[in-house]
Amino acid sequence: MPEMETAAFETDLSLFKYDNLEQLPPAYRDLDADERTERIESALDTLGDDVVILGHNYQRREIVEHADFIGDSYQLSKEAAESDADYVIFGGVTFMAESADIITDDDQSVILPSMEASCPMAGMAEALQVDAAWAELTAALDDDEDIIPITYMNSYADLKAFCAEQGGLVCTSSNAHKAFEYAFEKGDKVLFLPDKHLGENTAHRLGMADETVEWDPWDAEGTDAADAVENDVILWEGYCQVHERFREHHIESVREDYPDANVIVHPECRREVVEAADVAGSTSTICESVAEADPGETWAIGTEIHLTHHLQRWHPEVNVVPLCGDACMDCNAMRQIDPNYLAWVLEELVEGRERNVIEVAPEEKDLAQVAMDRMLEI
């Protein structure tokens, strides 16, 4: 396993960490919807309270209709930790299943139905890459300066562990500003990973827009480490492929079609999109805003398309529209949790076999828990 330059634990690229996860067996690939639903429900009846299914807000309807809990990633992990279920099936992506494994009991198994459900943004900041870049960045600091790393929840467990070891912490989209405040109490500068847009929007919220720089350590023509550390906030070159797609012209277009519309976007969107919107907030904020809307109000939603569709079903009295119309994207990683995979892992549990279990290495788990505990302190 590759050695880290600045951290005491060993890790590997996520591609190799989970190369033991299994593909969907051929017998499950052609199930029709009715048969699949019947088999899922039968397996759930047999397993009873031994299993809990978590459905992320961005999951397709065929997954969330079987979920015991629906929500954002950290909220779902907490629900799993508070349950007595032996098996936690996470309808999400790899980093979410890792977070659930970190905070659930050791006797609970966390299962990710599909091995392909890997968040591209989390993959833009692998711990091995960040470790090498960190060595370069810290070497460029003055002797009396300290930099604190903050990683968004949407990152792998080893990056959370890395941040803990370097004195940093984890944040969500809702508490990123508090994480910044914590970091500046501990050090002079912040390295924010992996989402540059959330980092930039947070810096603007704190009045630090002029002290912020984007940094790609592998761009030979970009900002070098010596110039990057002249700024107080250094943003890693990462982004969400779904949220980066939104543009100002989408907001202009929806306001032409719906003059009284309320536009709400996720803070993973570009800065200019957040500025043009009426509200920016997490998936929980988006859900709450629509739930609390008056009948007849129009809300244009700037986030993953499945959540928009869920809100349309859950709140038919509100006119919920996708911000970018037919151009709105689903999350390709979430899409990999095919309902046929759900049928398979459930029926395997009925037979006493656990498939595609996500296990974070003990040292990584302990350190990642430290980073998450620091977040809870703020």
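## Helix 7 and helix 8

In this predicted model, helix 7 (residues 127-139) and helix 8 (residues 157-165) have axes that come within 9 Å and cross at roughly 30°. Angles under 35 degrees count as roughly parallel, and helix 7 and helix 8 are therefore roughly parallel to each other. Two packed helices are described by the angle between their axes and the distance between the axes.

On the side of helix 7, the contact is made by Ala 127, Val 130, Asp 131 and Trp 134. Their partners in helix 8 are Asp 158, Leu 159 and Phe 162. Sorted by type, the residues of this contact are five nonpolar, no polar and two charged.

Helix 7 has 13 residues, which at 1.5 Å a residue should span 18 Å. The C-alpha atoms at its ends are 18 Å apart, in agreement with that value.

The buried residues of helix 7 are Ala 127, Leu 128, Val 130, Asp 131, Ala 133, Trp 134 and Leu 137. An α-helix has 3.6 residues a turn, so residues three or four places apart point the same way. The elements against which the buried residues of helix 7 pack are strand 5 (147-152), helix 8, strand 7, strand 8, helix 11 and strand 9.

## Aromatic pairs

The model has five aromatic pairs. One of them joins Phe 180 and Phe 192, with 5.6 Å from centre to centre and 45° between the planes, and this pair is tilted. Phe 180 belongs to helix 9 (residues 176-186) and Phe 192 to strand 7, so that the pair links distant parts of the chain, 12 residues apart. Both Phe 180 and Phe 192 are buried.

Another pair is formed by Trp 218 and Trp 236, which are edge-to-face, with 5.7 Å centre to centre and 80° between the planes. Here too the pair links distant parts of the chain, 18 residues apart. Trp 218 is in the loop between strand 8 (212-215) and helix 11 (225-228), while Trp 236 is in strand 9 (residues 233-236). Trp 218 has a relative accessible area of 51% and is exposed, whereas Trp 236 is buried at 2% relative accessibility. Ring pairs also bring in Trp 215, so that Trp 215, Trp 218 and Trp 236 are linked into a cluster.

## Strand 1 and His 56

His 56 is in strand 1 (residues 51-56). Its relative accessible area is 4%, and His 56 is therefore buried. Leaving aside residues up to four places away in sequence, His 56 touches Val 64, Gly 71, Asp 72, Ser 73, Leu 76, Gly 91, Met 96 and Met 334.

## Backbone features in two loops

The peptide bond from Leu 193 to Pro 194 is cis, and its omega is near -20°. Pro 194 is in the loop between strand 7 (189-193) and helix 10 (196-205).

Asn 356 has a positive phi, about 55°, although Asn 356 is not a glycine. This residue is in the loop between helix 17 (339-350) and helix 18 (362-377). With a relative accessible area of 4%, Asn 356 is buried.

Conventions:
Residues are numbered from 1 along each chain as its sequence is written. This is a predicted model: local features need pLDDT of at least 70, side-chain atom pairs count only at pLDDT 80 or more; totals for chains, interfaces and linings use all residues. Side-chain values use heavy atoms; hydrogens and water are left out. Helices (H or I, at least four residues) and strands (E, at least two) are DSSP runs, numbered from the N terminus. Buried means under 20% relative accessible area, exposed over 50%, partly exposed in between (1.4 Å probe, protein chains only). Contact means heavy atoms within 4.5 Å. Axes are lines fitted to C-alpha atoms, for helices over the stretch in contact, and angles run from 0 to 180 degrees between N-to-C directions. Angles under 35 degrees count as roughly parallel, over 145 as roughly antiparallel, 65 to 115 as roughly perpendicular and the rest as oblique. Ala, Val, Leu, Ile, Met, Phe, Trp, Tyr, Cys and Pro count as nonpolar, Asp, Glu, Lys and Arg as charged, and the others, Gly among them, as polar. Rings of Phe, Tyr and Trp (its six-membered ring) pair if their centres lie within 6.5 Å; planes under 30 degrees apart count as stacked, over 60 as edge-to-face and the rest as tilted. The expected span of a helix is 1.5 Å times one less than its number of residues.
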